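Work through the exercises below with the structure open beside you. Try each task before reading its solution.

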Amino acid sequence: MKKRYASTWESLKEHQVPQWYEDGKFGIFIHWGLYSVPAFAPQTWELGEVPPDETWFSNNPYAEWYYNSIHVGYGPSYDYHVKKYGKDFKYEQFADMWKAEKWNPAEWARLFKKAGAEYVVLTTKHHDGFCLFPSKYTDYNASKRGPQRDIVGDLTDAVRGENLRMGLYYSGIVDWTFADDPILNNDDLFHTASPTFAYADYAYNQSMELIDRYAPSVFWNDIGWPRQGEHNLPYLLSHYYNTVEDGVVNDRFNDLYYDFTTKEYQSGSANRREKWEMCRGMGLSFGYNAMESDDKIISIEDAISLLVSTVANNGNLLLNIGPRADGTIPEEQEKRLLAIGEWLGVNGEAIYGSRCSSRESIKYTDQIQVHFTERDGALYVLIDAKGKSQVSVTVPGLSGNAVPLDPKVEADTAKIDGGLRFTVKNFGDSQNVAVFRLNRIM
Ligand SMILES: C[C@@H]1N[C@H](CNC(=O)c2cc3ccccc3[nH]2)[C@@H](O)[C@H](O)[C@@H]1O
């Protein structure tokens, strides 16, 4: 019997995080849009490394913030824009330069499948207000301009064709086609952005449109929800759950309600007793930054470490790709996705469908950490030895027969000092994380 949600906070609070999201663990975030044409941002910091003040916003590493970065009227993006396009070139002109001429959504979906992702989240409207779907509420959209197609619909079909879940990102409170005063601090970001009732209705109507057209498995709102529209949220979210029973929403609705909380790069905190999600770009940006080179993006080892440490602490990893304007995925990003997929192909048993263990992760050194997950009565020990070819660690309070999941891992285990000593001599195909299964939980 399908549960019906009433448009009340009480009814919404009965919603449980669905098993597919708990089990899925790994998603692909995609930031694609007009900003992918200029594809420029300075390579400065990770979010959370420096305070979100004028220095951050006028040297914003997020290439998808190009509109705001040139509107502050100074800084590296402004200088780049004037030099490359000229002072009078309007951001909106990118709408007729974005052709996506080499885009093959089925190819993208096959890559995400090979990467071992269980879900995908695509930007439908980022802060610049350009919509990647045929919205009834604006012609500033990809079916009328640029690509002249329903980007959201075409990718949704391809992703579902690979039996992956499709999620949709929506920039709820910031839309520079409604309010585009330059944003130079977080106050601007959360309070003065898009302050009208008209915009609140627009955001509500477009969100309803997205739910009714695509029935997304994730409704991923960003930054916040218009204050003038907060009273509409119980209607919107109950409609969402009544349309998509096993749908999930994040915590960026002014902290009024969520299925899972979020972190972004170094910003935010996670509580392992609740479901949460870590999102980040491959480099410092979500939108494609043509200036970014291989050495500036996350290493394969660090990506696998991040996935393992996130999952072991009750999180999902939503790792972003920033495709080029023509629809191709930069090789250095594809390489990381395929390497994660290979690792999951060998060690996924300890990840998919697992739950975080009562055993907390152990940090021996910056390079050597041991994480734990549990599944079907088995305990998994995930030894992360970044940059090492061999490692020996004793895990206290463990006993039993530890079997490496990767047959190419060469390792010994021995009972010692009330614990189990693992000596890994060869990490086989498992990059920097060797995973062991213990067949009974101590
Ligand atoms: C995915 C990413 N989100 C950015 C806005 N970030 C937030 O609103 C935000 C970060 C964060 C960290 C911890 C808890 C809440 C948060 N909200 C956007 O400004 C970026 O362009 C990009 O779309």
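The exercises that follow concern a predicted model and cover its domains, its sheet and its salt bridges.

**Exercise 1.** Describe how the protein divides into domains and how far apart the domain centres lie.

*Solution.* Step 1: the domain assignment gives domain 1 as residues 9–350 and domain 2 as residues 357–438. Step 2: the C-alpha centres of domain 1 and domain 2 are 34 Å apart.

**Exercise 2.** How many residues of each domain are in contact, and what area is buried between domain 1 and domain 2?

*Solution.* Step 1: on the side of domain 1, 17 residues are in contact with 23 residues of domain 2. Step 2: about 1700 Å² is buried between domain 1 and domain 2, and carbon and sulfur atoms give 53% of this area. Step 3: Glu-301, Glu-349 and Ala-350 supply 33% of the area that domain 1 buries against domain 2, more than any other three residues.

**Exercise 3.** Which polar links join domain 1 and domain 2, and which elements of domain 1 take part in the contact?

*Solution.* Step 1: between the two domains there are 3 salt bridges. Step 2: a salt bridge joins the side chains of Glu-349 and Arg-437, with N to O at 2.5 Å. Step 3: 13 residue pairs are in polar contact between domain 1 and domain 2, both residues of each pair being at pLDDT 80 or more. Step 4: on the side of domain 1 that touches domain 2, the elements giving two or more residues are helix H11 (300–312) and helix H12 (331–347). Step 5: H11 gives the most, with 9 residues. Step 6: by type, the residues on this side of domain 1 are 9 nonpolar, 4 polar and 4 charged.

**Exercise 4.** In what order do the strands of the open sheet run, and which are the edge strands?

*Solution.* Step 1: the sheet has 8 strands, in the order S5-S4-S3-S2-S1-S8-S7-S6, with parallel pairing. Step 2: strand S5 (248–249) and strand S6 (261–264) are the edge strands, since each pairs on one side only. Step 3: within the sheet, strand S3 (residues 165–171) and strand S4 (residues 218–222) pair over 5 bridges in the parallel sense. Step 4: Tyr-170 has Asn-221 in S4 as its bridge partner.

**Exercise 5.** Which residue forms a salt bridge with Asp-246, and where in the chain do the two partners sit?

*Solution.* Step 1: the structure holds 23 salt bridges. Step 2: Asp-246 forms one with Arg-165, the closest N and O atoms being 2.7 Å apart. Step 3: Asp-246 sits in the loop between helix H10 (233–243) and S5, whereas Arg-165 is in strand S3. Step 4: the pair is 81 residues apart and links distant parts of the chain.

Definitions and conventions
Residues numbered from 1 in each chain as written. Predicted model: local features only at pLDDT ≥ 70, side-chain atom pairs only at ≥ 80, totals over all residues. Heavy atoms only, no water. Domains from an automatic or database assignment. Contact = heavy atoms within 4.5 Å. Buried area = accessible area lost by both parts, 1.4 Å probe. Salt bridge = Lys/Arg side-chain N within 4 Å of Asp/Glu carboxyl O. Polar contact = N/O pair within 3.5 Å; in protein donor to acceptor, adjacent residues only side chain to side chain. Helix = DSSP H or I, 4+ residues; strand = E, 2+ residues; numbered from the N terminus. Nonpolar A, V, L, I, M, F, W, Y, C, P; charged D, E, K, R; others polar. Pairing = 2+ DSSP bridges.
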